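Please open the model in your viewer and keep the selection tool at hand.

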Amino acid sequence: MVEKVYPMTHEGKEKLEQELEELKTVKRGEIIERIKIARSFGDLSENSEYESAKDEQAFVEGRISTLENMIRFAQIIDNDNVASDEISIGKTVTFVEQPDGDEEEYTIVGKAEADPFSGKISNDSPIAQAVIGKKVGDVVSITTPGGDMKVKITKVV
């Protein structure tokens with residue numbers, strides 16, 4: 001069976017490792033303590049505190065398993081062999097929607113570290129897929145769920 005590879009930046013992997021450490025060393029202990037306290041209330045069949053703590057425990061254990069898998073199969077993106085003005089994972093791209101649109105800036109990251117609200121988009125997103133491999137000055141057509149748009153790439157860092 002072929003395992004899924006998770007492309008990410010070095011910083012993204014470190015962030016996942018920190019989250020994993022927090023879940024294992026802090027959150028697990030807090031949940032175990034909540035379960036102990038809830039058990040002391042007696043009848044577990046109608047104990048909402050116990051059920052809530054067990055649900056949270058299941059969520060945290062699932063997240064730990066997911067993070068361990070993502071870290072184990074992380075593929076750190078190395079941009080040393082990519083031209084400085086060429087868009088790839090780990091780089092920040094600035095473009096202007098044509099003809100008279102607003103300037104937008106995104107950092108292209110692996111799916112594991114995507115956070116659109118902070119300007120980090122997944123390499124699997126329509127925008128990233130359209131611009132990866134392009135260079136400053138290129139005009140690119142992007143098909144998104146919101147419709148098609150043309151953008152001119154103005155900066156790559």
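Predicted model: local features only at pLDDT ≥ 70, side-chain atom pairs only at ≥ 80, totals over all residues.

Select A38 to begin, a residue found in helix α1 (residues 10–39), where helices (H or I, at least four residues) and strands (E, at least two) are DSSP runs numbered from the N terminus. At 1% relative accessibility, A38 counts as buried; buried means under 20% relative accessible area, exposed over 50% and partly exposed in between, with a 1.4 Å probe and protein chains only. Not counting residues up to four places away in sequence, A38 touches L44, N47, E49 and Y50, contact being defined as heavy atoms within 4.5 Å.

Residues are numbered from 1 along each chain as its sequence is written, and side-chain values use heavy atoms, with hydrogens and water left out.

Next, colour two spans taken from UniProt, whose positions are given in the numbering used here, with feature names shortened and annotations that may be inferred rather than shown by experiment. An unreviewed entry assigns residues 7–76 to "domain: Transcription elongation factor GreA/GreB N-terminal"; this span is 79% helix and 7% strand, and its end C-alpha atoms lie 6 Å apart. The unreviewed annotation "domain: Transcription elongation factor GreA/GreB C-terminal" is placed at residues 84–156, a span that is 8% helix and 44% strand, with its end C-alpha atoms 7 Å apart.

Move to T92, which lies in strand β3 and is buried, with a relative accessible area of 17%. T92 stands opposite T107 in β4, and the side chains of T92 and T107 make a polar contact at 2.8 Å, that is, a pair of N or O atoms within 3.5 Å, where within protein one must be able to donate a hydrogen and the other to accept it, and residues adjacent in sequence count only if both atoms are side-chain atoms. Leaving aside neighbours within four places in sequence, the contacts of T92 include E105, Y106, K155 and V157.

Now show the strands themselves. Strands β3 and β4 run antiparallel and are joined by 5 bridges, two strands being paired if DSSP finds at least two bridges between them. They form a hairpin with 5 residues between them, and P99 is found in the loop between β3 and β4; the peptide bond from Q98 to P99 is cis, with omega near 5 degrees. Most peptide bonds, by contrast, are trans. Strand β3 also pairs with β7 in the antiparallel sense over 5 bridges, and there E97 stands opposite V151.

Which aromatic pair does a search of the whole structure find? Select F95 and Y106: their ring centres are 5.9 Å apart and their planes stand at 35 degrees, so the pair is tilted, given that rings of Phe, Tyr and Trp (its six-membered ring) pair if their centres lie within 6.5 Å, with planes under 30 degrees apart counted as stacked, over 60 as edge-to-face and the rest as tilted. Both F95 and Y106 are buried.
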